[in-house]
Amino acid sequence: MILGLMLTVILLPFAGGGLLQLIKFKEKRSKQCFIFAYVLANTLLTYILLAQGPTDIIRIINFAGAKLNFSLKIDGMGIVFGGLVATLWPLATLYSFPYMEHEHNGRVHENIFYLFYTATYGVTLGIAMSGNMLTMYCFYELLTLVTVPLVMNTLTHEAVLASRKYFYYSLGGAAFAFIGLIFLIVYGDSLSFIFGGVLTPDAMRDKKDLLLFIYVLAFMGFGVKAAVCPFNSWLPQAGVAPTPVTALLHAVAVVKSGAFAIMRLTYYSFGVDFLRGTWAQYLLLCIVIFTIVYGCSMAVKETHIKRRLAFSTISNLSYILFGVLIMTPLGLVGALCHMVFHGVMKICSFFCAGAMITQAHANFVHEIDGMARRMPKIFGIYTVSALALMGVPGLCGFVSKWHLAKAAFQSGNPLAVVGVGGLLVSALLTAIYMLSIVIRAYFPGDQFDYGKLHDDIHDPDWRMLLPLFLFVGAMFVIGVHSAPLVDFFTSVAGGML
Amino acid sequence: MNYMILLPVVLPVIVGFALLFLHEGVFRDRRGLLKVTGVSFAVSAALALYVISGAAGDRLILFRLVDDIPVYFAVDDLGRLFAGVVVAVFLLAGFFSFVYMSHEKNEKRYYSFYLITFGVLMGLCFAGNLVTLYLFYEFMTLASMPLVIHNGSKEAVMAALKYLFYSFCGAYMALFGIYFLYRYAIVFENPGDALNGTHYYEIAHMMGFVPGGSLDMAAVVESGNATLCLVAVFLMLVGFGVKAGCFPLQAWLPTAHPVAPAPASAFLSGIIVKGGILAIIRTVYYCVGVDFLRGTWVQTVWCILAVITLLMGSSLAFKEKILKKRLAYSTVSNLSYILLGLSMMNAAAFTGSLLHVVFHALIKSGLFLFAGALIFGTGRVKVKEFAGLGKKMPVLFWSYTICSLGLIGIPPTSGVISKWYLAEGCLESGIAGLSWIGPVALLASALLTAGYLLPLAVNGFLKAPLDEEALDKYREPAPCMLVPVVVLAAATLLLGVFPTPLMEFVGGIAAALK
């Protein structure tokens, strides 16, 4: 029963997308209803599935040997990631309808777009529910394959270049992850995700440095999707994709799959007891802290709004990895917090940027002067998401930063303290790159002529606004009352779920 | 639960937002808007006074914000003192703005943020733990930013951005300290007792404010983190010091304060900057505890920074030609009097600092309102352009003179008392070198203060005006603008002549710290 449900939620989006190609819809609206219906159904099924709570590992196919098999399971981490994805997908789909209607260049292949857009949903859920490294690796590769067409969708020269880069980077990264997989097969008890790690004691004793090296390789391999420096340049470039893709995939689903895979790798495969205090931890912490500051600095420099947000994503993903690399349960709590909260915040600001593009054709920071008067709702929401990203207390960003910093200080690791400094520098830079947009929109200067703005610039319709308002509500509610979520994360990070 | 404490915090914020989102057409004319804002000002102030009086109870624990740290309000004497000053200046500057703002656009927005800022400040005054304080501290920056940017000119926008980014830089430095100190918050086994019978969780720590310090500093030393702790506290001092215009992050203040409309400048320069002072007092005297800091490098560096700032501020004010900018530099200098006093970490200096908080708030808002009245009436901004106007506006200029004397510290005005205590505290402190450099710097700065404030008064009364013909059309400003200035001048004089009640109150706060 559980297994059936698992396979259903993974395959239903594929099936829906396939049907979409076959059925000829007379009206656009009915097609949209159909897409939304199966996405929503999938979300509800996922909720039902996740509500069943943790399951044992369920083997589906056995390959050669006892270790190699294809298996699924639900555990705390999977519930967190799967729940996040399942919540955001229908909202993003709803948002995408008016957005795709506005894509003016006419080269958008809408049916193909939705096929892959929803297929990604299934694949991402697959990653969340993978029971072992091999299964996750397969879904991980599949994720690359189903998302490339989304980046390439407009078929412009730029889009083709971007998707090629994305493709090569991802495949290269997966190759490194594959090395990690091989070594886990050789030196691990099993490939399954078991809290605390699967390496055999002998291997840990005899092959310590080799295994640490392999961990670093695998980390960086999965880190390509999580845009760790120096493998981050695909992410801003992939911003040529339509906003629903950049917002959902390049701020949440795809990039967080990378972070999620790293969590699995660190806490469930290699084990933090083995890694804590080693040179591998210190090296990776340095890289991650550098990425945190680097991403924000680039965001300040960038004037293209979506690329600016993409750089911000690079920095924020490294917050998550920073939490992971603290290698204590508290660190994982911080990482999980930021994984979920950043998802909400960043998708919100991306959607606002998308609304600016569809409603006002504003792609660059200097093009949004004075827009706030015409699009008060969008800019109000954008302001809230900016404040949340900066970490103003009362909004969700503060909570995750608090937990990250707390974990860093409690770990007693000197580099972690430096990392807190990095977080705060990055918070200041976040204030600069987010609020300068807000100020421009609200206060274009007293010489500004509002008559210059087109009359048809106004807030978008409810399909775009509804998800945004929900996100704003979520940011406030989590910011004020984070206890239930954090308690849940704590039990996940403690290995109890 | 004493939910009444929330009223002066929440009500102005709600009314402010309601005003902000209301359509312009709701008010038939300017008069309608003024009626509504006037009533909201009065009600907000009354509620604040009600809480200050203590009738609303003294503790309120709301929801948990992060971990087991709740949003917690505690009304203590220090908070009452600051809140009292805020209410006084808020009302007077608000009253003043009813006429002043008639020349500005977007009046509704101005009043909205003015009200919101007031509510946030009340929250800051009554915050009972560090996290709540930090919460309102950030809100304070955000809520007061629109006051700076009000006229929307390029200059104002740049000033507001500078204000924002300096403030956030400071806030994040402080946040580092808070993150660090959280580990050492004392765990109350039974906080119900610790908080006098309010219901709280079984075991909790909350970084609350207790006179003399609430953190487990012994544990800091034990865990070998003493140096890191000093660094963290120093970062908090510098970070919160940004709002208090302390060197090296003071540059925003002389840019941001003068571009705001005059009543907002008065509020910013008299009150908002005190938010930084309050945060520093709470950190040093109510969380970390002075025993831990006394005699460390943190104290020495802090003193030196304060001395540098106070001399630099006075000198720059002396050189500045534009009246409002001159006053802003003067604020930089005077806030460092307060910081110098706080850095001495003894009762006399602490008393002097608190007195100076009160006196400077009243005097500086008086001076800014004076500047506003002049700018409103004459359209001029430079100091030397005001020559000869004193004959036409004697009441205004006499008020200015009294306020100036107060800031210089000439008896019988109020400033002399705070400076006396500050100097005494410095001498008592026994810090090598600084115990006499401090008073000398105070004296030098007082001379400079006389140099930058008095010429305006002297020239105003004695010198011939720039153009005789224009003089005839100037007269005393409207009562709405004159009265606040006169009241503030009178307060300066009265507090100098009858300082006893205030001194006893402040002395009580200082004594509790022992």
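Reader: What makes up the area buried between chain B and chain A?
Author: The area buried between chain B and chain A is about 3,100 Å². Carbon and sulfur atoms give 76% of that. Buried area is the accessible area (1.4 Å probe) that two parts lose on being put together, summed over both. B:Phe165, B:Tyr172 and B:Tyr179 supply 23% of the area that chain B buries against chain A, more than any other three residues. This is a predicted model: local features need pLDDT of at least 70, side-chain atom pairs count only at pLDDT 80 or more, and totals for chains, interfaces and linings use all residues. Residues are numbered from 1 along each chain as its sequence is written, chains are lettered from A and ligands numbered from 1 in the order in which they are written, and side-chain values use heavy atoms, with hydrogens and water left out.

Reader: How many residues does each chain bring to the contact?
Author: Chain B brings 35 residues and chain A brings 34. Contact means heavy atoms within 4.5 Å.

Reader: Why is the pair A:Arg307 and A:Glu302 called a salt bridge?
Author: The closest N and O atoms are 3.4 Å apart. The limit is 4 Å, so the pair qualifies.

Reader: Why does A:Arg307 count as partly exposed?
Author: Buried means under 20% relative accessible area, exposed over 50%, and partly exposed in between (1.4 Å probe, protein chains only). A:Arg307 has 27% relative accessibility, so it counts as partly exposed.

Reader: What makes A:Lys256 worth a look?
Author: A:Lys256 is buried yet has no salt bridge. The nearest side chain of opposite charge, A:Asp75, is 18 Å away. Lys and Arg count as positive and Asp and Glu as negative; His and the chain ends are not counted. So A:His342, among the residues that A:Lys256 touches, is left out of that search by definition.

Reader: How do you know that the length of helix H4 of chain A agrees with its residue count?
Author: Helices (H or I, at least four residues) and strands (E, at least two) are DSSP runs, numbered from the N terminus. The expected span of a helix is 1.5 Å times one less than its number of residues. H4 of chain A has 20 residues, so it should span 28 Å. Its end C-alpha atoms are 29 Å apart, which agrees. H4(A) is also mostly covered, with 17 of its 20 residues buried.

Reader: Where is the peptide bond from A:Cys229 to A:Pro230, and is it cis or trans?
Author: The bond is cis, with omega near 5 degrees. A:Pro230 lies in the loop between helix H8 and helix H9 of chain A.

Conventions
Lists of a residue's contacts leave out its neighbours within four places in sequence.
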